[in-house]
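Trainee: I am new to this structure. Can we go through some of the terms used for it?

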Amino acid sequence: MREMHHSRWSKIGTALAVSSALGLMSGMSVANDKLVELSKSNENWVMQGKDFSGTHYSTAKQINKDNVKKLRPSWSFSTGVLNGHEGAPLVVNGTMFIHTPFPNNTFAIDLDEPGVIKWEHKPKQDPAARAVACCDVVNRGLAYWPGDDKAPAMIVKSLLDGHVVALNAETGEEYWKVENGDISVGQTETAAPFVAKDLVIQGSSGAELGVRGYVTAYDIHTGEMVWRWYATGPDSDVGLDKDFNKANPHYGQKGLGTSTWEDNAWKIGGGTNWGWYAYDPQLDMFYYGSGNPAPWNETMRPGDNKWTMTIWGRDLETGLAKFGYQKTPHDEWDYAGVNVMMLSEQKDKNGKMRKLLTHPDRNGIIYTLDRETGDLVSANKMDDTANWVKKVDLETGLPIRDPEYGTRMGHRSRDICPSAMGFHNQGFDSYDPKRELFYLGINHLCMDWEPFMLPYRAGQFFVGANVWTYPGPKGDRQNGIGSGQVKAYNAITGDFAWEKMEKFSVWGGTTATEGGLVFYGTLDGFIKARDADTGKLLWKFKLPSGVIGHPMTYTHKGTQYIAINYGVGGWPAVGLVFDLNDPSAGLGAVGAFKELARNTQMGGGVMVFSLDGKSPYDDVSLGEYGM
Amino acid sequence: MKLKTIAVTCSALMMLSGASAVMAYDGTKCKAAGNCWEAKPGFPDKIKGSKYDPKHSEKELNKQDAALKAMEKRNADRVEQFKKTGKWVY
């Protein structure tokens, strides 16, 4: 039975890949080229990462170190939805596209008159999805495809109940809608879709319910599935190129998606990928991370559990993996490595120009790989308090563990750093190519961990560990503050140009600009700007609610704006959102953020800033019925 | 590349040699490239039949795959209809 299944899938996968390649080669570059051009323009913010490299960096510099203190609110928009607002709005050709958490509404706003909603999309979805979402009902944002002679420009989004929907970007009408997950077996969607060429890449969520991770590509024109590959299981399901890991055979090559699991545990083994993507058009490869193995209780899943916790480099058209590097083999701490992938071109220590990929992982290590071969270039601790690992051996790629901080049945492990929430979670960070610095929003969190046994039932939580989280050694554990950091990191030297502590985790990530500024939001509801060279705090503003999304910037009619979602929630704020008090509730988050509710409350919307608050409404007649 | 291969091979050989027996447990002992997990002292390397056996139901384990196959079929039908009519019917 299994053999039949494998061979059938192998054939289907191959056929799909070939037809896809043929289909995509006709006119594929038109939309992609448009997207590249739009991403270079400061008038637009067409994808969550700003550009295919995920630099989250804008060359706009009207707002700079000298004048940032004059930033004032320009206009704002309430989404009418509470819960955590992750991600950021998109701006394309004078229209802002705003998303919300469940029920996953979308709004199009004309930047000439932001008080009027151009169109709104309110999907009908199964409310039961809320019950199987692991960590609040978040959504990480929208994707845009610019259209061609066959189909109109589209906004693509995922719904918590497992659907992926393409909307006409001009009208908001549904163009196609597919099922990409079934909540009855725990499969949800929180990740932003990623568009490259004419493909919509969509990840998967639900590892806390034992969901086996998968990544899927759909043809933007028709909604047709082009390929789907899994994080675990037979090679024919995982989608390995014939030369997989050829440059680094010690990472492992064939057969490991089953042989590093006991029996069929890979079928419920997690490895979902609900984070971010990057794409290199020259190599035609895209990059993302698969997350934690399931369940969290490590005793229940002997083996290295491949290919969970893996940085993937896959061919875009076929989806086949050129390389895979597993960062945390046999994870024992829920260090789900779905974190952001940022691409850069830099000289390595030997002076050789390299195409690099930098990934601040949840396990407390920031990895830099050659993104063509998968070679490990550097792997350094994001903070010296990370203790589960002594270091990463760059030759073998293996973490050198400290067994004192391992976890096991019948034992409460204490003071493990990072916590399950990681030193870095879903935040979208930034890279300044001039300074060659990565700006990292960091959690400073540690934990106690005690596993327990439980059966697997499809569609039910399958975690198997109690967790107590608290601020790390540099914070104030007693009072529940000092759980965040912001740092500037050089991936070649491994040095930090500067580092600053924050009251709470910097959950949403950073945005850098050529104005020499680093922007980010905080859980307690501030948007802040720091000097990119020194880290000096230059400006801040108190928002209506806490931030778990990332800032973005765009220029409209000659004015540079900074925009950010507010709306506290997500994993760090589940205690606040769902009124939980047990410190180990919310998968261990409640205790760590017990102080948060004294600093902010729920809300939901977008706040837009400009110098002196310059706004379309400076013309007071705009939108008036009668003056 | 060659140096790296040699280093990895040496490392693997060292781990397979008797020298590893006197080394403290660190969770890593490579049986093959990419297959390095080692059971913790006092814990089995196979849990089937042990007190940690979760006794998974094969029926439950197969539900995710069945759900995805069913969705793929429904999606394919929708796409076929869309290609024929130009109208998406969910």
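Mentor: Start with the salt bridges. This is a predicted model, and eight salt bridges are counted between chain B and chain A.

Trainee: Why is the pair A:Asp263 and B:Lys48 called a salt bridge?

Mentor: Set the value against the cut-off. The closest N and O atoms of A:Asp263 and B:Lys48 are 3.9 Å apart. The limit is 4 Å between a side-chain nitrogen of Lys or Arg and a carboxyl oxygen of Asp or Glu. The pair A:Asp263 and B:Lys48 therefore counts as a salt bridge.

Trainee: How many residue pairs are in polar contact between chain B and chain A?

Mentor: The count is 23 residue pairs, both residues at pLDDT 80 or more. Among the elements of chain B that each supply at least two residues to the side touching chain A are α1 (2-16), β1 (28-32) and α4 (63-85). The largest share, 14 residues, comes from α4(B).

Trainee: What kinds of residues make up the side of chain B that touches chain A?

Mentor: They divide into 20 nonpolar, eight polar and 16 charged.

Trainee: What is the extent of the contact between chain B and chain A?

Mentor: On chain B, 44 residues are in contact with 65 residues of chain A. The buried area is about 4600 Å², and carbon and sulfur atoms give 58% of that.

Trainee: Where does UniProt place the feature "binding site"?

Mentor: The unreviewed entry places it at A:Glu86, A:Arg140, A:Thr190, A:Gly206, A:Ala207 and A:Thr272. The lining of the largest cavity includes these residues, A:Glu86 among them. A:Glu86 sits in the loop between β2 (71-78) and β3 (90-92) of chain A.

Key
Residues numbered from 1 in each chain as written. Chains lettered and ligands numbered in written order. Predicted model: local features only at pLDDT ≥ 70, side-chain atom pairs only at ≥ 80, totals over all residues. Heavy atoms only, no water. Contact = heavy atoms within 4.5 Å. Buried area = accessible area lost by both parts, 1.4 Å probe. Polar contact = N/O pair within 3.5 Å; in protein donor to acceptor, adjacent residues only side chain to side chain. Helix = DSSP H or I, 4+ residues; strand = E, 2+ residues; numbered from the N terminus. Nonpolar A, V, L, I, M, F, W, Y, C, P; charged D, E, K, R; others polar. UniProt positions renumbered as here; feature names shortened; annotations may be inferred. 1 Å grid on protein atoms, 1.4 Å probe; cavity = no way out; pocket = protein on both sides within 12 Å on 5 of 7 lines; lining within 4 Å.
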